[in-house]
Amino acid sequence: MSGECEICNTNERKYRCKICSVHYCSVACYKKHQEQPCGPPPAAAADTTIREESVPKKIILFSTIDTVAAEKLELLGQSEHLKNLLYNPHLRQLLTEIDNARDGMNAMKVAMMEPLFVEFADECLRLVEPEVNESHDNLNELVFTNRQHRR
């Protein structure tokens, strides 16, 4: 990193403010910078939108019938109900345990005994797989298709 501290303009800059990206050299300069509230620079907001648009979409190499489309996954991040549920430390702990478990299926079975986790899972499924009213004809098509595959 090269350049001068943006606070004192004498020493070499070593650190950067997380909020406004101003570079500073020491604790004294940091404290001086914090005397006045800072916000993200206007140019940074434009830069982030450009970066988000230029980021290529993730390609799923081995999709299955259960693979969820990226557009539907984005709905999870926009759900206020899910965000509120995730404030609960117990739910976050359950999710961490499932993620770290050697036997994920067993960990899911245990988690599904917790009403909080069931509420979380139901909300995820509601967003990702909206209710589909399957008619009797669709069920007949499925039975017919399965019979064809057995032969």
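Arg-126 forms a salt bridge with Glu-123, the closest N and O atoms being 2.6 Å apart, where a salt bridge denotes a side-chain nitrogen of Lys or Arg within 4 Å of a carboxyl oxygen of Asp or Glu. The model is a predicted one, in which local features need pLDDT of at least 70 and side-chain atom pairs count only at pLDDT 80 or more, whereas totals for chains, interfaces and linings use all residues. Residues are numbered from 1 along each chain as its sequence is written, and side-chain values use heavy atoms, with hydrogens and water left out.

Both Arg-126 and Glu-123 belong to helix α7 (residues 115-128), in which they are three residues apart, about one turn of the helix; helices (H or I, at least four residues) and strands (E, at least two) are DSSP runs, numbered from the N terminus. Glu-123 counts as buried because its relative accessibility is 8%, given that buried means under 20% relative accessible area, exposed over 50%, and partly exposed in between (1.4 Å probe, protein chains only). The structure holds two salt bridges, and Glu-80 takes part in one with Lys-83, for which the closest N and O atoms are 3.6 Å apart. Glu-80 and Lys-83 are likewise placed three residues apart, about one turn of the helix, both lying in helix α4 (residues 80-85). With a relative accessibility of 37%, Lys-83 is classed as partly exposed.

Of the 151 residues in the chain, 17% are buried. Among contacts (heavy atoms within 4.5 Å) with a separation of 6 or more, 27% join residues 24 or more positions apart. The chain exposes about 12700 Å², of which carbon and sulfur atoms supply 55%; accessible areas come from the Shrake-Rupley method with a 1.4 Å probe, and for residues only the protein chains shown count as cover.

His-33 is found in helix α1 (residues 27-34) and, at 13% relative accessibility, counts as buried. Not counting residues up to four places away in sequence, His-33 touches Ile-7, Cys-17, Cys-20, Val-22 and Cys-38. Cys-29 also lies in helix α1, and its relative accessibility of 8% places it in the buried class. When neighbours within four places in sequence are left aside, Cys-29 is in contact with Cys-5, Ile-7, Cys-8 and Tyr-24. The C-alpha atoms of Cys-29 and Ile-7 are separated by 5.9 Å, although these residues are 22 residues apart along the chain.

In the loop between α1 and α2 (42-54) lies Gly-39, which is partly exposed at 33% relative accessibility.

Asn-9, which is not a glycine, has a positive phi of about 60 degrees; Asn-9 is placed in the segment before β1 (15-16) and, with 48% relative accessibility, counts as partly exposed. Ser-21, also not a glycine, has a positive phi of about 65 degrees. The position of Ser-21 is in the loop between β1 and β2 (23-24), and its relative accessible area of 29% makes Ser-21 partly exposed.

On a 1 Å grid over the protein atoms alone, a pocket is an open set of points with protein on both sides within 12 Å along at least five of seven lines, whereas a cavity is a set of points where a 1.4 Å probe fits but cannot get out, and lining residues have an atom within 4 Å of a point. The second largest pocket holds about 150 Å³ of space, grid points being joined across faces, edges and corners and a volume being the space filled by probe spheres set on the points. Its lining consists of Ile-65, Asp-66, Thr-67, Val-68, Ala-69, Lys-72, Val-128 and Glu-129. These lining residues divide into four nonpolar, one polar and three charged, with Ala, Val, Leu, Ile, Met, Phe, Trp, Tyr, Cys and Pro counted as nonpolar, Asp, Glu, Lys and Arg as charged, and the others, Gly among them, as polar.
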